[in-house]
Amino acid sequence: MADDYLVRIGKLIRDARQHRGWTQSQLAEALGTSQSAVNRIERGNQNISLEMIARIGEALDSEIVSLGYAGPMHLRVVGGRRLSGAIDVKTSKNACVALLCASLLNQGRTVLRRVARIEEVYRLLEVLASIGVRTRWINDGVDLEIVPPAELNLASIDADAARRTRSIIMFLGPLLHRMDHFKLPYAGGCDLGTRTIEPHMIALRRFGLDIAATEGQYHAQVDRSTVPDRPIVLTERGDTVTENALLAAARHDGTTVIRNASSNYMVQDLCFFLEALGVKVDGIGTTTLTVHGVPTIDVDVDYSPSEDPVEAMSLVAAAVVTESELTVRRVPIEFLEIELAVLEEMGLDHDRTPEYFADNGRTRLVDLTVRPSKLEAPIDKIHPMPFPGLNIDNVPFFAAIAAVAQGKTLIHDWVYDNRAIYLTDLNRLGGRLQLLDPHRVLVEGPTRWRAAEMMCPPALRPAVVVLLAMMAAEGTSVLRNVYVINRGYEDLAERLNSIGAQIETFRDI
């Protein structure tokens, strides 16, 4: 039995190393050991302590073994089952993390309704707690109450939690109003290639923020004499970049114009929240935002973030890939119209209810019913664009959808360096995906899915795409090390099981 565990642990380590793109020699160097020792460990021929497993997991940024962690580590999927019934879309992950960061603007009590209980939110709550912010789940754990201290204690920040989320970058906008100098750990998150913070800095320098990055930290200094004297033009129409600029402008005592702004769903939710704080924002939903800031915000606010269009797309894709009839309720239709137009061109059979408002009173929702359809590959390539184009985070789902369509589909995922590469993991499940370059994948369908055991891709959306393909594949598949999925989805396996999937969560040790 002990030998069997060693072989299984060795396979986990080998898969994690290969996903990191390291050789055995590189891992050995990081551990201070020999390449031959790493080779023996991966073949299951060497006893290994829990301390060494933990060191390997830290080196590879991979949760090899989970100790004292209540959540799932792996998923066992019995595929080939049809989904049925109805499922509600949860609140937006990206809106929730933005609103948690925005709560630092407020000296009063903030209550956020139906907050997504996901790992990304938990990491931010750990960071907030470590700097003195009091947070607690209320109303049977559905809503979140946030009460800041008079002074934040950034010297006690939980660096480990901060480094596991890229959302920490959105602390810069609020904090520049609260202190003249501070330090933040480097931002982490999904492995999607190199992403600099320079677009953020181009915007935030206009508010006097200067950053030096050394020794794993951002060292921030604020010059109070520097204020925006002309419109801020963002060099990247990014969501978090726009959010950071909004957070900085919210407490600037004056009017700030932000051009080339993202108008995506999480940015709109942040604007609605800022208005609840007393900050007037003109141009919501456009690429030019005018923010009428207030220097002090001290209000008790209650806000309901809207539903997540990317989760909605995940559920639609689950129905398409498993050839199921499924009703997806509370779909934020404004942010899925292009995706649905593409799916209609491919032959998707679906209908939708009349529109109604989300709990924030602003976002338009529909209930969407998807039926089994004979899909054809689209004539044009699938590629993302800033809103109102096809959502960047929804592109990976078209890899699984294209795999069940007749013909060849070109997917051009131009935004991220690595994400298209991870889509080729579908080949291990029977897919026929050809990587043309780091950003373009050619998908040929239809696919006869087959079960497999594999490591979870280290990027959120490709990881869910692999899970959806496993749900369609006859037989039993295993998806290992699924922390990345838990970063962005709340109880996904259990919720899919409620509509007919058969997914078991388990841990090896």
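Reader: What makes S263, I284, G285, E334, F335 and F387 count as contacts of Q268?

Author: In this predicted model, contact means heavy atoms within 4.5 Å, and, leaving aside neighbours within four places in sequence, Q268 is in contact with S263, I284, G285, E334, F335 and F387. Q268 itself is found in helix α11, which covers residues 265–276.

Reader: Why is Q268 called buried?

Author: The relative accessible area of Q268 is 8%, and buried means under 20%, so Q268 falls on the buried side of that cut-off.

Reader: What makes helix α16 mostly covered?

Author: Of the 13 residues in α16, 13 are buried, each of them having under 20% relative accessible area. This helix, residues 460–472, reaches 19 Å from its first C-alpha to its last, close to the 18 Å expected at 1.5 Å a residue.

Reader: Why is the protein called as compact as a globular protein of its length?

Author: The protein contains 18 helices and 23 strands. Its radius of gyration is 23 Å, and the globule rule gives 23 Å for 509 residues, so the protein is as compact as a globular protein of that length. Along the principal axes, its C-alpha atoms fill a box of roughly 65 × 60 × 45 Å.

Reader: How much of the protein is buried, and what share of its contacts joins residues at least 24 apart?

Author: Buried residues make up 57% of the 509 residues. Among contacts between residues at least 6 apart in sequence, 73% join residues at least 24 apart.

Reader: What is known of the accessible surface and of the charged side chains?

Author: The accessible surface comes to about 20000 Å², and 47% of it belongs to carbon and sulfur atoms. There are 54 positive and 66 negative side chains in the protein, and the centres of these two sets lie 3 Å apart.

Note on methods: Residues numbered from 1 in each chain as written. Predicted model: local features only at pLDDT ≥ 70, side-chain atom pairs only at ≥ 80, totals over all residues. Heavy atoms only, no water. Helix = DSSP H or I, 4+ residues; strand = E, 2+ residues; numbered from the N terminus. Rg over C-alpha atoms; globule rule 2.2 N^0.38 Å. Buried < 20%, exposed > 50% of the residue type's maximum accessible area, 1.4 Å probe, protein only. Areas by Shrake-Rupley, 256 points an atom, 1.4 Å probe, with all protein chains shown as cover. Lys, Arg positive; Asp, Glu negative; His and termini not counted. Charge placed at Lys NZ, Arg CZ, Asp CG, Glu CD. Expected span 1.5 Å × (residues − 1).
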